[in-house]
Amino acid sequence: MAEGDVMGGLITLAVAVVAYSLVASRLDRWWITGPMVFVAAGAILGPGGLDVLPLSLTDETVLIITELTLALLLFSSASTVRLRDVEGDTGLPRRLLFVGLPLTIVAGALLAFLMFPGVGWAAAALLATILAPTDAALGLAVVTDKAVPVRIRRALNVESGLNDGIATPFVTLFIAVVAAEEGLGETAWGLEALTQIGLAIVAAVVVGYLGGKLLAVANDRGWTSRVSDQIAILALALLAYQGSVAIGGNGFIAAFAGGILFGAATSGRLAAPVQFTETLGLAGSFLVWSLFGALFVGALLTEDFAAKPIVYAILSLTVIRMLPVAIVLVGTRLRPATVAFMGWFGPRGLASVVFTLLALEEIERGGGAMLLETITWTILLSVVLHGISAPPLAARYGASIAKAGEIPEKAPAGEPRIRLHDLAGRHRHEGQQARATT
């Protein structure tokens, strides 16, 4: 890619960001979200459209941008979203994360194996795992509309903040399995995957915990400033990711685990300066959504449509998500409307895009273009359907709950800490500020 082409493309995207920012509140009233805008912009400006963004899936720059964006958001989300933040009500998040997520992966893998002949179990499991993490930022109204009970908003928020990090080791494992099956990787794929995970944990401890302790001590003694705290946290997030990669570990696992350990080391006292890192991740997410539109959606919309990927996408967003949620919520005495509401709002976003780019070779060899189309359709439909349905359904659901008496949904609880990331995401914004950044 020529330097002039790159600069021209970046200038065009910068203009799109400014234009969106000027009318963000108005678009929000029409249920048009930031991801919708930037996916559409990417599709129009990319190779399948005006070709103003001369990008390709083989560009190293594309992968670097997406990887760093997810790393920043994983670190910032994990450092501020902790199960202890739910004030003793960890039941719903635990069910969704540690039972619902594995069930979603299993169900998605089974469906892929049955629907796509010739696709092995490893490739089917990889597809399902890529599409398992949720991104609450695609349906921001669900976790910011105070008509929705605090307990429900909080559960969906914590699930979204943590499930992409939890899914990362499984993505790593299935990539190694598919590569080994195709003769592209180590035959000892289990050892290779465990090595990456183990080295990532080492990097997370050194950078996240020790770095967090050093920063906390310096902060307590008044040696740091507000700006230096922000810069130090950003540097730690990047160091956790890149340091792990440098020693052969998985950078995303290191960023996620490093964020958790950083939050533990600082006891959550540096949550405010973490927002700087989160904001940079949010800005990067706009670019990633544009890349998704240019490289995936643009190509998809210029080719003949295949039925199976669309059918799988619809089932992934409904049955494959909603049935596991219904199963894990048995015994909670939540209303059927609440179970359906929580089941529907499991958007597929930033993490799925980044995982797709990481596993691109394995996806293409494990199942061909059909699996790539399936992932693209699932994410695209999620961006549109969850984006336009979040405001009206949140308002309608909240109104119905408000009319009820004493029900489990209204169990006393403090306000949740809103931490969202957008292309995986999670940012703290309410009201006008929330609408201006989604």
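Where is Thr129 found in this structure? Thr129 is found in helix 6, which covers residues 121-130.

1. Confidence. The average pLDDT over the protein is 86, and 88% of the residues score at least 70. Please take care with residues 414-438, where the pLDDT is below 50. In the model this stretch still has 115 contacts beyond near neighbours in sequence. Where pLDDT is low, the predicted coordinates should not be read in detail.

2. Thr129. With a relative accessible area of 0%, Thr129 falls under the 20% limit and is therefore buried. Setting aside residues up to four places away in sequence, Thr129 touches Ile105, Ala167, Phe170, Val171 and Phe174.

3. The largest pocket. This pocket holds about 820 Å³ of space. It is lined by 32 residues, and those closest to its centre are Glu67, Ile175, Leu357, Leu358 and Glu362. Two or more lining residues come from each of helix 4 (60-80), helix 8 (150-181), helix 9 (189-220), helix 10 (226-246), helix 11 (251-266), helix 16 (350-358) and helix 17 (360-367). Which helix gives the most to this lining? That is helix 8, with six residues. By residue type, the lining divides into 16 nonpolar, eight polar and eight charged.

4. Helix 15. In this helix, residues 336-344, the buried residues are Thr338, Val339, Phe341, Met342, Gly343 and Trp344. Their cover includes helix 5 (91-115), helix 7 (141-144), helix 8, helix 13 (307-317), helix 14 (319-328) and helix 18. If you want to look at individual residues here, Met342 and Trp344 are both taken up in the next two points.

5. Met342. This residue belongs to helix 15. Met342 counts as buried because its relative accessibility is 0%, under the 20% limit. Leaving aside neighbours within four places in sequence, Met342 is in contact with Leu96, Ile152, Ala155, Leu156, Arg321, Val325, Leu329 and Leu334.

6. Ser389 sits in helix 18, residues 369-402. Is Ser389 buried or exposed? Its relative accessibility is 12%, under the 20% limit, so Ser389 counts as buried. Which side chain makes a polar contact with the side chain of Ser389? The partner is the side chain of Trp344, at 3.0 Å. Trp344 is one of the buried residues of helix 15, and helix 18 is among the elements that cover those residues. Beyond neighbours within four places in sequence, Ser389 is in contact with Trp344, Phe345 and Ala394.

7. Two residues with positive phi. Trp31 has a phi near 65°, a positive value in a residue other than glycine. Trp31 lies in the loop between helix 2 (24-29) and helix 3 (34-45). Its relative accessible area is 38%, between the 20% and 50% limits, which means that Trp31 is partly exposed. Arg333 also has a positive phi, near 65°, and is again a residue other than glycine. The loop that holds Arg333 runs between helix 14 and helix 15. At 68% relative accessible area, over the 50% limit, Arg333 is therefore exposed.

8. Arg365. This residue is placed in helix 17, one of the helices that give two or more residues to the lining of the largest pocket. Because its relative accessible area is 45%, between 20% and 50%, Arg365 is partly exposed.

Notes
Residues are numbered from 1 along each chain as its sequence is written. This is a predicted model: local features need pLDDT of at least 70, side-chain atom pairs count only at pLDDT 80 or more; totals for chains, interfaces and linings use all residues. Side-chain values use heavy atoms; hydrogens and water are left out. On a 1 Å grid over the protein atoms alone, a cavity is a set of points where a 1.4 Å probe fits but cannot get out, and a pocket is an open set with protein on both sides within 12 Å along at least five of seven lines; lining residues have an atom within 4 Å of a point. Grid points are joined across faces, edges and corners, and a volume is the space filled by probe spheres set on the points. Helices (H or I, at least four residues) and strands (E, at least two) are DSSP runs, numbered from the N terminus. Ala, Val, Leu, Ile, Met, Phe, Trp, Tyr, Cys and Pro count as nonpolar, Asp, Glu, Lys and Arg as charged, and the others, Gly among them, as polar. pLDDT is the predictor's confidence in each residue, from 0 to 100. Contact means heavy atoms within 4.5 Å. Buried means under 20% relative accessible area, exposed over 50%, partly exposed in between (1.4 Å probe, protein chains only). A polar contact is a pair of N or O atoms within 3.5 Å; within protein, one must be able to donate a hydrogen and the other to accept it, and residues adjacent in sequence count only if both atoms are side-chain atoms.
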